[in-house]
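Open the model in your viewer and keep the selection tool ready. This tour goes stop by stop.

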Amino acid sequence: MLRSYIFSSKASWYWTIIAVAAATAAVVFAVPENAIPIVYARYVLGAIFVLFLPGYTFIRALFPEKELDNIERVALSMGMSLALVPITGLILNYTPWGIRTTPVTLSLLALTTIFATAAITREHQTK
């Protein structure tokens with residue numbers, strides 16, 4: 001059953017991704033840009049959020065098995081993030097919300113969550 005699989009130890013990566021994505025969104029909305037010592041956490045989490053998480057969850061959804069080793073998965077994740085984030089920005093450009101901090105953060109959070117959920121579902125189906 002999918003519910004028991006999601007709450008098992010095999011799905012710890014899923015909860016880690018969701019927690020990091022949610023923490024990043026919370027830090028982006030809670031920490032102002034001029035809060036000098038804390039803003040560095042915002043920069044680090046934001047870089048991970050933009051450059052790694054969307055691609056990692058997408059690659060994890062495409063390749064749920066262990067057919068990729070960790071180096072290949074990380075390299076593909078960064079490359080895929082560099083492809084997905086501009087496409088998201090392009091789509092947001094043609095919406096009434098435009099390319100601002102709030103729509104970009106929320107759309108990348110939704111994209112990461114959707115891909116992570118698809119990945120955990122595919123991983124459960126292949127086992």
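Helices here are DSSP runs (H or I, at least four residues) and strands are E runs of at least two, numbered from the N terminus. The model is predicted, so local features need pLDDT of at least 70 and side-chain atom pairs count only at pLDDT 80 or more, while totals for chains, interfaces and linings use all residues. Residues are numbered from 1 along each chain as its sequence is written, and side-chain values use heavy atoms, with hydrogens and water left out.

**Stop 1: the largest pocket**

Select Arg60, Pro64, Glu65, Lys66 and Arg73. Of the 13 residues lining the largest pocket, these are the closest to its centre. A pocket, on a 1 Å grid over the protein atoms alone, is an open set of points where a 1.4 Å probe fits, with protein on both sides within 12 Å along at least five of seven lines; lining residues have an atom within 4 Å of a point. The volume of this one is about 220 Å³. Volume is the space filled by probe spheres set on the points, which are joined across faces, edges and corners.

Now colour α4 (53-62) and α5 (70-93): each gives at least two residues to the lining. The largest share, 3 residues, comes from α5. By class the lining has 5 nonpolar, 1 polar and 7 charged residues. Here Ala, Val, Leu, Ile, Met, Phe, Trp, Tyr, Cys and Pro count as nonpolar, Asp, Glu, Lys and Arg as charged, and the others, Gly among them, as polar.

**Stop 2: Glu123**

Move to Glu123 in helix α6. Is it buried or exposed? Glu123 is buried, with a relative accessible area of 3%. Buried means under 20% relative accessible area, exposed over 50%, and partly exposed in between (1.4 Å probe, protein chains only).

Show what surrounds Glu123. Beyond residues up to four places away in sequence, it touches Tyr5, Lys10, Trp13, Arg60 and Pro64; contact means heavy atoms within 4.5 Å. The side chains of Glu123 and Tyr5 are joined by a polar contact of 2.4 Å. Such a contact is a pair of N or O atoms within 3.5 Å; within protein, one must be able to donate a hydrogen and the other to accept it, and residues adjacent in sequence count only if both atoms are side-chain atoms. Arg60 is 63 residues from Glu123 along the chain, yet their C-alpha atoms are separated by 8.6 Å.

**Stop 3: the largest nonpolar core**

Select Trp13, Tyr14, Ile17 and Ile120. They have the most contacts inside the largest nonpolar core, which has 20 residues. Such a core is a set of buried Ala, Val, Leu, Ile, Met, Phe, Trp, Tyr and Cys residues joined through side-chain atoms within 4.5 Å. Helices α1 (2-6), α2 (12-30), α4, α5 and α6 each supply at least two of its residues. The largest share, 6 residues, comes from α6.

Zoom in on Ile17. Leaving out residues up to four places away in sequence, Ile17 touches Leu53, Tyr56, Thr57, Thr112 and Ala116.

**Stop 4: the second largest pocket**

Which residues line the second largest pocket? Select Val28, Arg42, Tyr43, Gly46, Phe49, Val50, Thr101, Val104, Thr105 and Leu108. The volume of this pocket is about 190 Å³. The largest share of its lining, 5 residues, comes from α3. The lining has 6 nonpolar, 3 polar and 1 charged residues.

Finish on Thr105, in helix α6. Thr105 is buried, at 7% relative accessibility. Residues up to four places away aside, Thr105 touches Ala25, Val28, Phe29 and Phe49.
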